[in-house]
Amino acid sequence: MLEQLTHYVSGTWWSYLVIFALAYVDVLFPLVPSETAVITAGVLASSGDMSLALVILVAAAGAFGGDNTAYFIGHHFEHWIRRTLFRTDKARERLRWAERQIDERGGELIVIARFIPGGRTAVTVSCGWLEMTWRRFAVFDALAGVVWASYASLLGFFGGRSFQHQPWKGLLIALALAFAVAGAIELVRWLRRRRQEQSRPLAEPEAD
């Protein structure tokens, strides 16, 4: 996988188009390795093969475009999406979490969910069918896209700078940090959900 990404994101002009496309499609198909591609581009930028600013720009633009597509799909095709994209128990649990959080936290969640694999899909689609205004969604989503693109590309950039003669080591370390951040977010979310469940009062027994 890493060799293929290095081949497609290789510093040529069309590498920017690949980054844009992966960032766009990743929202609709979460298995697409957009973050890995952006980190790889950051490593290449550290050696001067790509422009760091342009990597951030195209990655953020792709993420923004994909998120907004998911928003409008959720707005118009709620029932179809529930049946097709959220069929598994895990997917439905993510969806229920996203719906609860959107009601409570709104824009903040859009930024946080960008760092949760699969969570960004559930949140952006849910924003559409929960009738969050598009203007409000777009403002927070643009911020989320820039933060995510900067985070991923800078991980690769500084990882590459640290291992100038062995950039693949910088790539591996940057990927490990990215997975660690995503895992930490998931852990915090799980702990908060567990705490909320434990704090709920037990139902009183019915009188005979």
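The model is predicted, so to speak of local features a pLDDT of at least 70 is needed, while side-chain atom pairs count only at pLDDT 80 or more, and totals for chains, interfaces and linings use all residues. Residues are numbered from 1 along each chain as its sequence is written, and side-chain values use heavy atoms, with hydrogens and water left out.

Helix α4 (residues 52-76) packs against helix α8 (residues 119-129) with the axes 6 Å apart and at an angle of about 45 degrees. The two helices are therefore oblique to each other, a word for angles that are not under 35 degrees (roughly parallel), over 145 (roughly antiparallel) or 65 to 115 (roughly perpendicular). In contact, meaning heavy atoms within 4.5 Å, Asp 67, Ala 70, Tyr 71, Gly 74 and His 75 of α4 meet Thr 124, Val 125, Cys 127, Gly 128 and Trp 129 of α8.

The structure also holds five aromatic pairs, where rings pair if their centres lie within 6.5 Å, and planes under 30 degrees apart count as stacked, over 60 as edge-to-face and the rest as tilted. Phe 20 and Tyr 24 have ring centres 6.4 Å apart and planes at 25 degrees, so this pair is stacked. Both residues lie in helix α2 (residues 15-28), four residues apart, which is about one turn of the helix.

The rings of Phe 115 and Tyr 151, with centres 5.1 Å apart and planes at 70 degrees, are edge-to-face. Phe 115 lies in the loop between α7 (107-113) and α8, and Tyr 151 in helix α9 (residues 134-162), so the pair ties together parts that are 36 residues apart in sequence.

Terms used: Axes are lines fitted to C-alpha atoms, for helices over the stretch in contact, and angles run from 0 to 180 degrees between N-to-C directions. Rings of Phe, Tyr and Trp (its six-membered ring) pair if their centres lie within 6.5 Å; planes under 30 degrees apart count as stacked, over 60 as edge-to-face and the rest as tilted.
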